[in-house]
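Have the model open while you read.

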Amino acid sequence: MSETNVAAQGAVPELSDGALLGIVAAVAAVFVIFGFLVSPPGEVVSGVVKILLVRDTLITDYIGVGGMGGAFVNAGLLTLVSAGIYRLVGAKIGGASIACLMLVLGFGLFGKNLVNIWPIIGGVYLYALYKQEDFSAHINTAFFGCALAPVFSEILFSTAIPITVGLPLGIATGLLMGFVLPAAAAQLFKAHMGFSLYNMGFTAGIVGTLVVAIYKSYGFVPDPVFIWTTGNNLLLGSFLSVLFLGLIAGGLYLDRAALWKMKEIIALTGQSPSDFVAKVGIAPTLVNMGISGAIGMVYVLAIGGDLNGPVIGAIFTIVGFAAYGKHPKNVVPIMAGVFIGSLAKPWGVSDPSIVLAALFGTTLAPIAGRFGWHWGIVAGFVHSSAAQSVGVLHGGLNLYNNGFAAGIVASVLAPVITAIQWRKADHPEEKL
């Protein structure tokens, strides 16, 4: 918020839009610094170049492509540039913008880079021009919409298409996808009623499915990719721990009562739209971001999973959306549901796709927040299966595959729960 706000428990000065962007930029700068600390400059530069030129179909761990330093520097620089664009267009910064930029940071470790995001952003910009609306009103859609950035990389760097054809075709496809995303996202939000926080994942999944279907009909089929690094849990766990402690400390620095005010966030269902910065203030929101991110990290380490580009990207979706819908009370039941699902189904709890399902699946947190922890477990259980099945539809070219799956789950499950628990749904004050 750009003006002084009065927090619920006393007068606490809130931060300007520029200051909020400064917090995001500081986290991004930490990524860049870390990248140069763990890799020499020459390796960082060559690593970033490799990342810019790689196909980005799920799952492409940039640590495995460009090394640890290259991956973190790519993510940090990408987010700094993105934050600069937010500042340039004068965008209003709230919980949704923070969530969006944190996703840019996380997915800068697998799937998004300084080459492949621009056609999508350009398409949304053209939409704003066509509608004679300010681009700042659509900037979150533009950067969330970079879920489909791998489509451009796949077309451009595919061996099946010469680059003289692939470049204009990739740009045109990206612009078209970006142009249709704002209208499609607004309509598809109605399907899940805000019970999946990754509305753009749902939208991008459907748009991506249509695009891939068209290309497949002409014989262009994306080749599967699986680059997944292991063995870096100590280094990356230490880095994330310091970062999360920093977020918590920052919140407490701004407001010494921020930890106590977390109860106001915990009391919210998280059903979108749910801007914690506007509702509670930036200080407790930062604390929530640090604690929620730590929960995701601890879960991965506890089940023997790997900390790498995709997993940290997933953890940062929790961190980002801890400013817009997620908190410990509503994310833990979803993760528990995926965990239970892994015990009852033919895959392991630490399998890459299941680890990602547990973390990304927290997009369904509003179901637990609104209907109770038991329904959150059910949602996570169902999601653990859905996330394994929808990737084939978009050929791995929608980075928010779990968002696509969760949109389907929420669109079906939320109305059913409402019908079964009509009294609690219609009168949330009666919910235990």
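Helices here are DSSP runs of H or I with at least four residues, strands are E runs of at least two, and both are numbered from the N terminus. This is a predicted model, where local features need pLDDT of at least 70, side-chain atom pairs count only at pLDDT 80 or more, and totals for chains, interfaces and linings use all residues. Residues are numbered from 1 along each chain as its sequence is written, and side-chain values use heavy atoms, with hydrogens and water left out.

**Cis peptide bonds**

- Leu58 and Ile59 are linked by a cis peptide bond, with omega at about 0°.
- Pro273 sits in the loop between α11 (258-266) and α12 (276-279).

- Gln132 isn't a glycine, yet its phi is positive, near 55°.
- You'll find Gln132 in the loop between α5 (118-130) and α6 (139-144).
- Gln132 counts as exposed because its relative accessibility is 76%; the cut-offs are under 20% relative accessible area for buried, over 50% for exposed, and in between for partly exposed (1.4 Å probe, protein chains only).
- Met193 is another non-glycine residue with a positive phi, about 55°.
- Look for Met193 in the loop between α8 (163-192) and α9 (199-217).
- With 36% relative accessibility, Met193 counts as partly exposed.
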